[in-house]
Amino acid sequence: ISPNTTYTEVRLIQSLLAFVNHKYKRKLEPREIKPGDIREFLLEQKKELGLKDSTIKRKMTTIRNWYDYLWRINKIEHDFMVKFTLPTKLNLKNSDIQVDYEHLLSKRNEILTSSKILLYAKMLFILYMRGFRVRDIVVITLDYIEDHGDSIVFSVPKKNGCTQRAIFTD
């Protein structure tokens, strides 16, 4: 688990606890929280923050894992999150993303020469255009980059065991 994931999950649990503490006007222990409280918390977050169903599912999973942990260390007697559901089924269907690569290619020089766009953003643009996914880009380290003088080679291992290579020249 990355530090960012841990931070996000801790903030979620803190938000949940703040929500129930505010609702009941006192500090509740996790064993005092009811399934309805969690349902209300998630639905309010969805409505107030305009969250997608996939985000609500991720938050539900985090809370479910937290309750499982509390149960395993005997902080709660019953883990109701195992059977927890929301009143309506979440729509977890991925929507298609339409990308016009010809348009992006036509903007390439404008993007790469712009003084208003950060170098990091330009690098991401180049890697996206070469077919790298965000999840692969974030793991790139100097170990995956070879400088051959007249070219630079990126050899990035992917989660499926393959390696994605890209050669950059002038």
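Residues are numbered from 1 along each chain as its sequence is written, and side-chain values use heavy atoms, with hydrogens and water left out. Because the model is predicted, local features need pLDDT of at least 70 and side-chain atom pairs count only at pLDDT 80 or more, whereas totals for chains, interfaces and linings use all residues.

Helices and strands are DSSP runs numbered from the N terminus (H or I over at least four residues for helices, E over at least two for strands). Helix α1 (residues 3-24) packs on α2 at an angle of about 110 degrees, the two axes lying 10 Å apart; axes here are lines fitted to C-alpha atoms, for helices over the stretch in contact, and angles run from 0 to 180 degrees between N-to-C directions. This angle makes α1 roughly perpendicular to α2, given that 65 to 115 degrees counts as roughly perpendicular, under 35 as roughly parallel, over 145 as roughly antiparallel and the rest as oblique. In this pairing L12, S15, L16, F19, V20, K23 and Y24 of α1 meet D37, I38, E40, F41, E44 and Q45 of α2, where contact means heavy atoms within 4.5 Å. By class, the contact of α1 with α2 comprises 7 nonpolar, 2 polar and 4 charged residues, with Ala, Val, Leu, Ile, Met, Phe, Trp, Tyr, Cys and Pro counted as nonpolar, Asp, Glu, Lys and Arg as charged, and the others, Gly among them, as polar.

Helix α2 (residues 35-49) also pairs with helix α3 (residues 53-72), their axes coming within 10 Å and crossing at roughly 150 degrees. The two helices are therefore roughly antiparallel to each other. The contact is formed by I38, F41, L42, Q45 and K46 of α2 together with D53, I56, K59, M60, I63 and Y67 of α3, a set that divides into 7 nonpolar, 1 polar and 3 charged residues.

Salt bridges, defined by a side-chain nitrogen of Lys or Arg within 4 Å of a carboxyl oxygen of Asp or Glu, number 7 in the model. One of them joins the side chains of E40 and K23, at 2.7 Å from N to O, and links distant parts of the chain, with E40 in helix α2 and K23 in helix α1, 17 residues apart. E40 is partly exposed at 35% relative accessibility, as is K23 at 34%, on a scale where buried means under 20% relative accessible area, exposed over 50% and partly exposed in between (1.4 Å probe, protein chains only).

Another salt bridge connects E110 and K107 at 3.6 Å from N to O, both residues lying in helix α4, 3 residues apart, about one turn of the helix. An α-helix has 3.6 residues a turn, so residues three or four places apart point the same way. K158 and D136 form a further salt bridge, their closest N and O atoms being 2.8 Å apart; K158 lies in the loop between β2 and β3 and D136 in helix α6, so the pair ties together parts that are 22 residues apart in sequence. K158 is partly exposed at 23% relative accessibility, whereas D136 is buried at 3%.

In helix α5 (residues 119-129), the residues K122, L124, F125 and L127 are buried. The buried residues of α5 pack against α4 (101-113), α6 (134-137), β2 (151-157) and β3 (163-169). Helix α5 is followed by G131, which has a positive phi near 95 degrees.
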